[in-house]
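Please try each task before you turn to its solution.

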Amino acid sequence: MDTRTPLIVVSGRRGPTERTARALLRPGTVVVHHDLDHVGEGVVRRTLTTVHDDRLDVLELAHGCVSCTLREDLLPLLRRLHARSNVDRIVLLLDPRLEPEALCWAVEHVVVFGVVGQIDGPAAHDVRIEATVTCIDAATWLTDATGDEELDDDRTVAQVVVGQVEFADALVVRPGADGWQQAKLHAVLSRLAPDAPLAWGEDVDVEHLLRQIPPGARRGTVSDAHSPLLRGQPPLGEDCGVRLLEFGARRPFHPQRLHEAIDVLLDGVVRARGRAWVATQPDNALLIESAGEGLRVAHAGPWLAAMTPEQQQRVSGERRAMAALRWDDTHGDRDTSMVILTHDADPDEIHRALEWALLTDEEFADPAAWPTWDDPFGEYHEEPCDEYHEEPCDDLPAPTAGTAPTEGEGRA
């Protein structure tokens, strides 16, 4: 029997987030919220809300950053709340700066030290993620999701709002757009989060919505570039100009041509995500993902073909099975697989641009030349805490939409 305290994560940059979280209040439920408006000054306002009262605490952090808030207060707090006999459910109302995927990764992997009466370990020892709920505003979401507005930590608004929806088990949408905009929004949402039940309105029955979440929902499970890229059963046909494009290739990209072609993922595209085989990087897959006009390229970890047999056994059985289906005697599991969600772009043009970036037959036949090519994707990671203090919190995933680390553990 699982005796951990259920945790419901409510997120959203705009929309009825606070109202949705408060709708879940009942005896035994506590709503936790960290206000990060002044986090750069080392100050965080934490509110604990029950059916009886609100309690506001002002915290002072030695370092002002989102990762420190997670490590120094939120994760230990979850473990302490679990130990209270009068708490049987926790609702976490995320500040708009926090993304549910990074938070869920931290709950599962970051070790929490020094909680009185408890053995050191991740918060997942004491809490289980029952659902992630994302709240959006129909009048603004598509504009946010397809734009280029930047935040102050190298993320874009599009990366945040798209990631929140993509990771959701359930959606609450505040109406407000005209009929065509709402139809187009629904077409996008049904492809980004196809299995998530959706409720339109500000005063929705959130408990009923949670009961509609299907058994196979991710419930905080963090995927990576080697996981299936199409979750659930999204519609594949066109609707209101919205389409899903799948792109696959069994030969690598030329790094310079890919660098030239990659902008095709930023114009008229809501979301692109996948793994790429680049000729100059034979051991590691590249994660490529875009949201609106925001682009991220990062390591996606080694190919199975580049691992030792012992390392391969530590990889999930699902990934090994998927790799076996496409295994090549020469190149192993190396391939490119991407899913691109368009709203105002020609999918054929995107496909042609990516095909052009692949190696030609002549280049593919000369692998000895591959290491000699310039690679503009050689450096692509920045630590999100560097801008705040000299000792970066390198144990937490970067707070961007998409993939968080899946191997190893952090420490808090």
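**Exercise 1.** Does Asp-348 count as buried, partly exposed or exposed, and what is its relative accessibility?

*Solution.* Bear in mind at the outset that the model is predicted. Begin by placing the residue: Asp-348 belongs to helix 11, which covers residues 347-357. Next, take its relative accessibility, which is 47%, and compare this value with the cut-offs, under 20% for buried and over 50% for exposed. Asp-348 therefore counts as partly exposed.

**Exercise 2.** Determine which parts of the chain are linked by the salt bridge between Arg-79 and Asp-126, and whether the two partners are buried or exposed.

*Solution.* First, check the distance: the closest N and O atoms of Arg-79 and Asp-126 are 2.5 Å apart. Second, locate the partners, which are 47 residues apart, with Arg-79 in helix 2 (residues 66-82) and Asp-126 in the loop between strand 7 (121-122) and strand 8. Third, consider accessibility: Arg-79, at 2%, counts as buried, and Asp-126, at 8%, counts as buried too.

**Exercise 3.** Carry out the analysis for the salt bridge of Arg-128 with Asp-2.

*Solution.* The closest N and O atoms of this pair lie 3.9 Å apart, and the cut-off for a salt bridge is 4 Å. The partners are 126 residues apart, since Arg-128 sits in strand 8 (residues 127-137) and Asp-2 in the segment before strand 1 (5-11). Turning to accessibility, Arg-128 is partly exposed at 26%, while Asp-2 is partly exposed at 39%.

**Exercise 4.** Which helices does the salt bridge between Glu-363 and Arg-257 tie together?

*Solution.* Start from the contact, in which the closest N and O atoms are 2.8 Å apart. Glu-363 lies in helix 12 (residues 361-364) and Arg-257 in helix 8 (residues 255-261), so the bridge ties together parts that are 106 residues apart in sequence. Both Glu-363 and Arg-257 are buried. To put the pair in context, the count for the model comes to 27 salt bridges, and a network of them links Arg-19, Asp-137, Arg-174, Glu-202 and Asp-203.

Definitions and conventions: Residues numbered from 1 in each chain as written. Predicted model: local features only at pLDDT ≥ 70, side-chain atom pairs only at ≥ 80, totals over all residues. Heavy atoms only, no water. Salt bridge = Lys/Arg side-chain N within 4 Å of Asp/Glu carboxyl O. Helix = DSSP H or I, 4+ residues; strand = E, 2+ residues; numbered from the N terminus. Buried < 20%, exposed > 50% of the residue type's maximum accessible area, 1.4 Å probe, protein only.
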